[in-house]
Amino acid sequence: MSHKAALLLLPNVLGDVRHAEVFLPVSVFKAMQTIDGLIAESDIEGRRFLKRFETKKPAMEIPIALFNEHTPEKDIDFLLEPIVAGERWGFVSDAGLPCIADPGSKLVMRANQRGIPVQAFVGPSSILMALMLSGLSGQKFYFHGYIDKDQGKRAEQIKRMAKKAEEEKCTQIFMEAPYRNKHTLSTLLETLPEHAYLCVAWDLTMPTQGILTQRIAHWKKCTLPNLEKKPAIFLVSYINSEATKS
């Protein structure tokens, strides 16, 4: 592996798992032995990430620079300066893949504009894993990020998603803050038509993982999963298949 200056987009695990090697490829462990610094969402999560790997110098001696939704765009060039000077820096999100459902794309765009080499590594994505496990169509799908916090606006947004899902025969995907999961699930059950399909996937890759896909009519009859404080992905779609009408 080349040790030239570059920005490395590093995948992270989705939960507090003990053995990262179960979920991350060998290439990530090799890359971590070459980095001079790490760009992370927070110092605590950055240090936790570093401790999972063997690094070229002690993890506590590797500098961490912060980049998150609060970082002014004017600071991006400053974050990239060590790489311009010849160093290799990693970029990691708190969970999953960088630049997916986080503001990392701004950092990568600026690196591209400045001619800085960027390398991406494969790893777990809760969004794609939920889609794979849902049984819903992956031929055409939309990811909406977090939906609106306001209950009324949230219901209207769900109605629009459902309409698009039915008209375009696609899957609508969104995420929610764990403490709002219960309210969002209630809004989905109250808002979606009974023939729509809803999938909820929670705690992906963890021992408590759960995935449930069924029509709204069935959801209203079943015991609802306890989603309190659990990271979850919600998917809405329609299925026109004889095999699913029972």
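I count Ala, Val, Leu, Ile, Met, Phe, Trp, Tyr, Cys and Pro as nonpolar, Asp, Glu, Lys and Arg as charged, and the others, Gly among them, as polar.

The model is predicted, so I take local features only at pLDDT of at least 70 and side-chain atom pairs only at pLDDT 80 or more, while totals for chains, interfaces and linings use all residues. Residues are numbered from 1 along each chain as its sequence is written, and side-chain values use heavy atoms, with hydrogens and water left out.

**Entry 1: the pocket.** I looked up open spaces on a 1 Å grid over the protein atoms alone; a pocket is an open set of points with protein on both sides within 12 Å along at least five of seven lines, a cavity is a set where a 1.4 Å probe fits but cannot get out, and lining residues have an atom within 4 Å of a point. Points are joined across faces, edges and corners, and a volume is the space filled by probe spheres set on them. The largest pocket comes to about 760 Å³. Its lining has 27 residues, and D94, A95, S126, Y146 and M175 lie nearest the centre. I sorted this lining into 17 nonpolar, four polar and six charged residues.

Helices (H or I, at least four residues) and strands (E, at least two) are DSSP runs, numbered from the N terminus. At least two lining residues of the largest pocket come from each of α5 (126-134), β7 (171-176), β8 (197-202) and β10 (232-237).

**Entry 2: S126.** I find S126 in helix α5. With contact meaning heavy atoms within 4.5 Å, S126 touches L14, L204 and I233, once neighbours within four places in sequence are left aside. I also noted A201, 75 residues from S126 along the chain, with 8.7 Å between the two C-alpha atoms.

Entry 3: Two strands pair if DSSP finds at least two bridges between them. Axes are lines fitted to C-alpha atoms, for helices over the stretch in contact, and angles run from 0 to 180 degrees between N-to-C directions.

β8 and β10 run antiparallel and are joined by six bridges. Y197 has S237 in β10 as its bridge partner.

**Entry 4: aromatic pairs.** Rings of Phe, Tyr and Trp (its six-membered ring) pair if their centres lie within 6.5 Å; planes under 30 degrees apart count as stacked, over 60 as edge-to-face and the rest as tilted. I found four pairs in the whole structure. F174 and F234 form a stacked pair, 5.2 Å centre to centre with 10 degrees between the planes. F174 is in strand β7 and F234 in strand β10, 60 residues apart, so I list the pair as linking distant parts of the chain.

**Entry 5: the parallel sheet.** I read another open sheet of five strands as β3-β2-β4-β1-β5, with parallel pairing. β3 (64-66) and β5 (118-120) are its edges; each has a single partner strand, so one side of each is left without a neighbour in the sheet. The twist averages 25 degrees from one strand to the next. Strand β2 (residues 37-40) runs parallel to β3, with three bridges joining them. I39 has A65 in β3 as its bridge partner.

**Entry 6: the cavity.** I found one cavity of 30 Å³ or more in the whole structure. Its lining consists of E41, F67, N68, F91, V92, S93, D102 and P103, dividing into four nonpolar, two polar and two charged residues.
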